[in-house]
Amino acid sequence: MSLDKATVAKVANLARIRVEEEKLDPLAAELNAILGWVEQLGEVDTENVKPMTSVAEMQLRWRQDEITDGGYQEQVVANAPSKDEGFFAVPKVIE
Amino acid sequence: MGMIIQGATGDWEVVIGLEVHAQVTSNAKLFSGSATEYGAEQNTQVSFVDAAMPGMLPVINEMAVRQAVRTGLGLKAQINKFSVFDRKNYFYADLPQGYQISQYLQPIVGEGTLTIDLKDGETKEIGITRLHLEQDAGKSIHDQHPSMTLVDLNRSGVALMEIVSEPDIRSPEEAAAYVKKLRSILRYLGTCDGNMEEGSMRADVNVSVRRPGDEFGTRCEMKNINSVRFIQQAIIFEANRQVDILEAGGEIDQETRLYDSVKGETRSMRSKEEAHDYRYFPDPDLLPLEFDDAFVEEIKADLPELPDEKKDRFVGDLGITPYDAGVLVAEKEVADYFEAVAKGRDAKISANWVIGELFGNLNRTGKSLAESPVSADELGKLVDLIKDGTISNRIAKEVFEEMFDSGKAAADIVKEKGLEQVSDTGAIEQAIDDVMAANMDKVEEYRGGKDKLLGFFMGQVMKATGGKANPGVVNKILKPKLDG
Amino acid sequence: MTDLTRLTIADARDGLKAGTFSARELAAAHITAMDAARGLNAFITETPEKAVEAATASDEKLAKGEGGVMEGIPVAVKDLFCTKGVLTTAASHILDGFKPEYESTVTTNLWNAGAVMLGKVNLDEFAMGSSNETSYYGNVVNPWRRSEDDQPLVPGGSSGGSASAVASFSAMGATGTDTGGSIRQPAAFAGIVGMKPTYGRCSRWGVVAFASSLDQPGPMTRSVRDAAIMLEAMAGFDPKDSTSVDMVVPNFEAALTGDIRGMKIGIPKEYRLDGISSEISDLWDKGAAMLKEAGAEIVEISLPHTKYALPAYYIIAPAEASSNLARYDGVRYGLRVEGEDLADMYSRTRGEGFGEEVQRRLLIGTYALSAGYYDAYYLKAQKVRTRISDDFKEAFKTVDAILTPTAPSPAFAFGEKGDDPLAMYLNDVFTVPASLAGLPGISIPAGLSENGLPLGLQLLGRPFDEETVIRTAGVLEDAAGFDATPTDWWRG
């Protein structure tokens, strides 16, 4: 598997990272080097091996259905780069 | 009956599948302790977890698990004691984490069925593919600020059940019946309030068309439709659009389309689509969701009687027609009301009163059952007055109107207005004699063979007694007298 | 009066209790040291006022004979832990100006135990790096220099600021986080002790996430005893973290019995890499000999899938990161770079807000999860991870702990690894396998390289058996008798 420039551009778009055109080629080379190195995982026999899901042998804990949080609008929006009357504000989206 | 579109080149069959998003009834959100109540001030029901602040982690709400299992059992579905939460990755302003925690390959509930009720008492089985738990997104408001979109995260993280049907639905009517039936079951179970106006229930509608008997065609999905009427309109528009394209020799692009309820049309959202690749993977902040048989059994033991079972009982045990039974069980509140009226009384008469007079008056006044001025108990007492002969059926209707408008008890109205039925044979005989004396010509005609004049005499006697005469008693005395 | 900054946490604790000096004096000495060490760029944010305030409160408690296990002890906090009202950056431009409205569980635990915060320390951006060269706030310098030159050296990473602060006597201890070696490797580079507990032992709540299934906070100190004390203060069950384990936190200090007789120590043969320097392998042999001398049995073991740990890690960690870092979108906190529309705003914000290494890993991670590649990369790597974990399970059937080098080399100079990301990734070759398996591990300084730089040895243990790791590390520490310190050139 090898990434070309177009694929890097597509992946960058999926990750919402603006990458300058001239950086696409060198980036593709770097990513290919890493992915090429990762290919060696193919040598490992993983037939009937389950993917690891958890380190500790424990079960997912459940919380009670109680209201224990929220009610602090000011703190929620305190760090917002742009806000309006307790709302977060983003560039207008046209649907 | 399926919907068939007759095109210039032949018939087209419409194939529909629905993905219904139902908000789980719970106090707190799926993975945080903030409230779920509808209509709160913006961003006041938001925790740092819901706002996806750095370092925040999800912890699952027990109630969401319970409600999903409960719903699964209500849909007679496979319950998966091992399921996995995955992250569905995409960027949107009202999706603070940049991913939605959902269930992809291993949902909590597998295959089940839903029986929908069609016209003329017919039913049809619609397959349920799966039900999974997921987080709701926040809300973007586009029209409150001239240059900005405003984001409210109150809904962010609220627990949803996504219930996916098989593509077994063949017409807008079936789709409507499916949504109504699903809503009814969810409300019986108490797992979702089914309030479509508040967005507690929304549907993604998948539509394709094909030649009858052919393979499935390419489908288009219309997202987030929040009324049964719009679902039907969207299907009709979309199916016709697809037929037009195919008949013109074109192909259908698999895509997400927006249903515009104002224009009554669907249109492409491709500009927003751009290569969706959700990159699902198991959420590493969570472990697989596991529970045992005892947990499922405990929930099963607590299940209420569901509409289908109730309907069967109403028909089988109470002798109500399948149509009336269907009407009575659709809403749990109605069924409960009816059962309260019918308790220890004639079920058929009770059903007639609930469906006829009560519904009629509720409709006339635009009231819901909960707002009815006549309680089930009072309606029951009215039925008793009919049954024991105190008032006639006709008088009862008058009394009911009065009850509905004034909220007074039936017995009080009857007493105040002196509406008790007259069964005293002496008084009735007198009235009959008077009527016959005043209409001797008609008596002769009757005796000459004009049998149908019996109705005339009945009417006159009833009129003379102000409608209070017991019609059975009148009939019994009148006929021998006329016959001479 | 002796230089209070040279004390260990254990010594300082005793001195405070005895009233030999006050918490305020201890804090003042460290604030002075922190000022003097600014050239190392270990701190992103200094909080001297908070330190004095907290020390004053500690003195009041100590006067009444009260106080927690770390009462009055000045520590530095890796700037990955959210601290209420104090700038928290993850060393990234994208968190510009972010002041959390909440406090992480681990730091809350520390403050409850009486610890005093000196400030927030530097790291590789989002903990992605092994040399602390990727911080938006600049490189951190290692207090150690080679005997032959004055070239500035990297402190390791990602907890480079933590390592530099503790090694330069600016803080008595520091919190670190370890994802693939981010506590142990910088500890080795800076000649200090760094411990990564078992995954699930310390809460991740309030710690800026890098790779959720690997991240684990832990202490960085100048002695094994100090690490035990600090770990006990940091650890504990947290219902807010679904991966936190509901277990009692033992008295880790009590594990330091000095007795390892009869214990079996594994030496994994696969860790004898080609090209490993002789000074590293010699030190490893020496370490084994010391433990044998102390009565342990040395056993050669096999961890057959060791070789595949790094490539598996470099799929799993970036994949998780690509999702964990999606929340940095310029909407609710941190940097926003305006654009033509919402999507453009995202791309510009993230394009400018994330540094090169972070971007590289986010792209790799995004690719590894994308349609058509998930099975080949992510799923495969998680299966390999299971095999690596099984290797350890098998080994721990026969041994009680495993001894390995911590890093394949001593600290290197800035830019020395060139532009090749892969060469940098190899730094974690000895630390990553235990991270993938979630095992507890510790690095302790055990000797000097030929050019006078500290070298570390790593001990690994069974899940939740930190006590055995600590006990063995204590014995090794005593035997190695490492007492070298860097010359304090930075005081200039």
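With which side chain does that of Arg202(B) meet in a salt bridge? The partner is Asp136(B), at 3.2 Å from N to O. A salt bridge here is a side-chain nitrogen of Lys or Arg within 4 Å of a carboxyl oxygen of Asp or Glu.

## Basis of the description

This is a predicted model, in which local features need pLDDT of at least 70 and side-chain atom pairs count only at pLDDT 80 or more, while totals for chains, interfaces and linings use all residues. Residues are numbered from 1 along each chain as its sequence is written, chains are lettered from A and ligands numbered from 1 in the order in which they are written, and side-chain values use heavy atoms, with hydrogens and water left out.

## Salt bridges

Arg202(B) belongs to strand β12 (residues 201-210) of chain B and Asp136(B) to the loop between β8 (123-135) and β9 (139-141) of chain B, so their pairing ties together parts that are 66 residues apart in sequence. Helices (H or I, at least four residues) and strands (E, at least two) are DSSP runs, numbered from the N terminus. Arg202(B) and Asp136(B) are both buried; buried means under 20% relative accessible area, exposed over 50%, and partly exposed in between (1.4 Å probe, protein chains only). Over all chains, a search of the whole structure finds 74 salt bridges.

In chain C, Asp241(C) and Arg204(C) form another salt bridge, at 3.7 Å from N to O. Asp241(C) is in the loop between α7 (224-234) and β7 (264-268), and Arg204(C) is in the loop between β5 (193-196) and β6 (216-221), so this pair ties together parts of chain C that are 37 residues apart in sequence. Asp241(C) counts as buried at 1% relative accessibility, and Arg204(C) is buried with a relative accessible area of 4%. The side chains of Glu338(C) and Arg336(C) also meet in a salt bridge, at 3.7 Å from N to O. Here Glu338(C) is partly exposed at 49% relative accessibility, whereas Arg336(C) is buried at 13%. Through shared partners, salt bridges join Arg87(B), Asp283(B), Asp285(B), Arg204(C) and Asp241(C) into one network.

## An open sheet in chain B

Three strands of chain B form an open sheet in the order β6-β5-β16, with antiparallel pairing. Strands β6 (99-102) and β16 (281-282) of chain B stand at the edges with a single partner strand each, so one side of each has no neighbour in the sheet. Two strands are taken to pair if DSSP finds at least two bridges between them.

Strand β5 (residues 86-89) of chain B pairs with β6(B) over four bridges in the antiparallel sense. Asp86(B) is opposite Ser102(B) in β6(B). Helix α9 (residues 309-324) of chain C lies across β5, β6 and β16 of chain B and runs at about 60 degrees to β5(B). Such angles run from 0 to 180 degrees between N-to-C directions, and the axes are lines fitted to C-alpha atoms, for helices over the stretch in contact; contact means heavy atoms within 4.5 Å.

## An enclosed strand in chain C

Eight of the eight residues of strand β11 (residues 454-461) of chain C are buried, so this strand is largely enclosed by the rest of the structure. On one side the buried residues are Pro454(C), Gly456(C), Gln458(C) and Leu460(C), and on the other Leu455(C), Leu457(C), Leu459(C) and Gly461(C).

Strand β9 (residues 401-405) of chain C runs antiparallel to β11(C) and is joined to it by five bridges; Leu403(C) has Leu459(C) as its bridge partner. Strand β10 (residues 441-448) of chain C is also antiparallel to β11(C), with seven bridges, and Ile444(C) is partnered by Leu457(C). Five residues separate β10(C) and β11(C) in a hairpin, and Gly452(C) in the turn has a positive phi of about 80 degrees.

## Nonpolar cores

A nonpolar core is a set of buried Ala, Val, Leu, Ile, Met, Phe, Trp, Tyr and Cys residues joined through side-chain atoms within 4.5 Å. The largest has 205 residues, and Met70(C), Phe126(C), Phe392(C) and Leu403(C) have the most contacts inside it. Helix α9(C) gives the most to this core, with 10 residues. Apart from it lies another core of 108 residues, among them Val24(B), Val65(B), Ala234(B) and Ala342(B).

## Interface of chains A and C

The contact takes 47 residues from chain A and 67 residues from chain C. About 5,100 Å² is buried between the two chains, with carbon and sulfur atoms giving 69%; buried area is the accessible area (1.4 Å probe) that two parts lose on being put together, summed over both. Three salt bridges are found across this interface. Lys307(C) and Glu43(A) meet through their side chains in a salt bridge of 3.5 Å, N to O.
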